[in-house]
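Subject: Structure for your review

Dear colleague,

Please find below the structure that I am handing over to you.

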Amino acid sequence: MSLLEDVKRITEKATGWKRPNDPQALLRERKPQIYRFKDDGLIPNHPKWPLVIYKSAVRLPVSLDPAAVFEDLFEANGWGASWRDGIYDYAHYHSRIHKVLGIARGTGRVQFGGPKGRTLILKAGDVAILPAGTGHQCLKASGDFLVVGAYPSTGTFDIS
């Protein structure tokens, strides 16, 4: 067993949280919210593809590690290199790779598309799919705000 798996097992035992057996069963069918942003001179956004938000798309039972739910869902759907953290508090974008964000805990007020974009409230269970170039910035977040992010298997990570 790898060190990472040992740490996961110890964490599960200490917290009582488990990884999901069937993460797909935790999905809720939701209509996507679509937002399109133009290049504003600072943030390019994507010329063709929109930001897609699914509100309350994932059930997060208290018995499960909410971040593990998103990690397993993302991996099962081809999104890898996942991480757990927040969203930077400055406007930025990734010009060469798409990104998916799952809100595992808390609430955040996030501006998408740059200063001329839209500010949205994201909460636990929400999913955001950002095409390459989409600006994003956390304006305010609850103290327990936890985001799981991931990237497709192709593309090169950068930050601008």
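Predicted model: local features only at pLDDT ≥ 70, side-chain atom pairs only at ≥ 80, totals over all residues.

Strand E5 (residues 107–112) pairs with E8 through five bridges in the antiparallel sense, and Gln 111 has Gln 137 in E8 as its bridge partner.

**The six-stranded sheet**

Another open sheet is formed by six strands, with antiparallel pairing and the order E1-E2-E7-E4-E9-E3. Its edges are strand E1 (33–35) and E3; each has a single partner strand, so one side of each is left without a neighbour in the sheet. The twist here averages 20° from one strand to the next.

Strand E2 (residues 51–54) is joined to E7 by three bridges, and the two run antiparallel. Within this pairing, Ile 53 stands opposite Ala 128 in E7. Ala 128 is also the bridge partner of Leu 101, as E4 and strand E7 (residues 127–130) pair over four antiparallel bridges. E4 pairs as well with strand E9 (residues 146–152), over five bridges in the antiparallel sense; there, Gly 102 is partnered by Val 148. Six of the seven residues of E4 are buried, so this strand is largely enclosed by the rest of the structure.

**The helix on the sheet**

Helix H2 (residues 66–76) packs on the six-stranded sheet. The helix touches E3, E4, E7 and E9, and its direction makes about 155° with that of E4. Nine of the 11 residues of H2 are buried, which leaves the helix mostly covered. Among the buried residues are Val 69, Phe 70, Leu 73 and Phe 74, together with the acidic residues Glu 71 and Asp 72. The buried residues of H2 pack against E3, E4, E7 and E9.

**Salt bridges**

How many salt bridges does a search of the whole structure find? The search finds six. In one of them, the side chains of Arg 19 and Asp 72 meet at 2.6 Å, N to O. Arg 19 lies in the loop between helix H1 (3–15) and E1, whereas Asp 72 belongs to helix H2, so this pair ties together parts that are 53 residues apart in sequence. Arg 19 is partly exposed, at 22% relative accessible area, while Asp 72 is buried, at 17%.

Arg 84 takes part in a salt bridge with Asp 65 (3.2 Å, N to O) and in another with Glu 71 (2.6 Å, N to O). Arg 84 is in strand E3 and Glu 71 in helix H2, so their pairing ties together parts 13 residues apart in sequence. Arg 84 counts as partly exposed at 37% relative accessibility; Asp 65 counts as buried at 11%, and Glu 71 likewise counts as buried at 14%. Through shared partners, salt bridges join Arg 19, Asp 65, Glu 71, Asp 72 and Arg 84 into one network.

**A nonpolar surface patch**

Finally, Tyr 88, Tyr 90, Phe 157 and Ile 159 make a nonpolar surface patch of about 410 Å². Tyr 90 is located in the loop between strand E3 (79–85) and strand E4 (99–105), and counts as partly exposed at 40% relative accessibility.

With kind regards

Technical notes: Residues numbered from 1 in each chain as written. Heavy atoms only, no water. Patch = residues over 30% accessible without salt bridge, like charges linked within 9 Å, V, L, I, M, F, W, Y side chains within 5 Å. Areas by Shrake-Rupley, 256 points an atom, 1.4 Å probe, with all protein chains shown as cover. Salt bridge = Lys/Arg side-chain N within 4 Å of Asp/Glu carboxyl O. Buried < 20%, exposed > 50% of the residue type's maximum accessible area, 1.4 Å probe, protein only. Pairing = 2+ DSSP bridges. Axes fitted to C-alpha atoms, helices over the stretch in contact; angles between N-to-C directions. Contact = heavy atoms within 4.5 Å.
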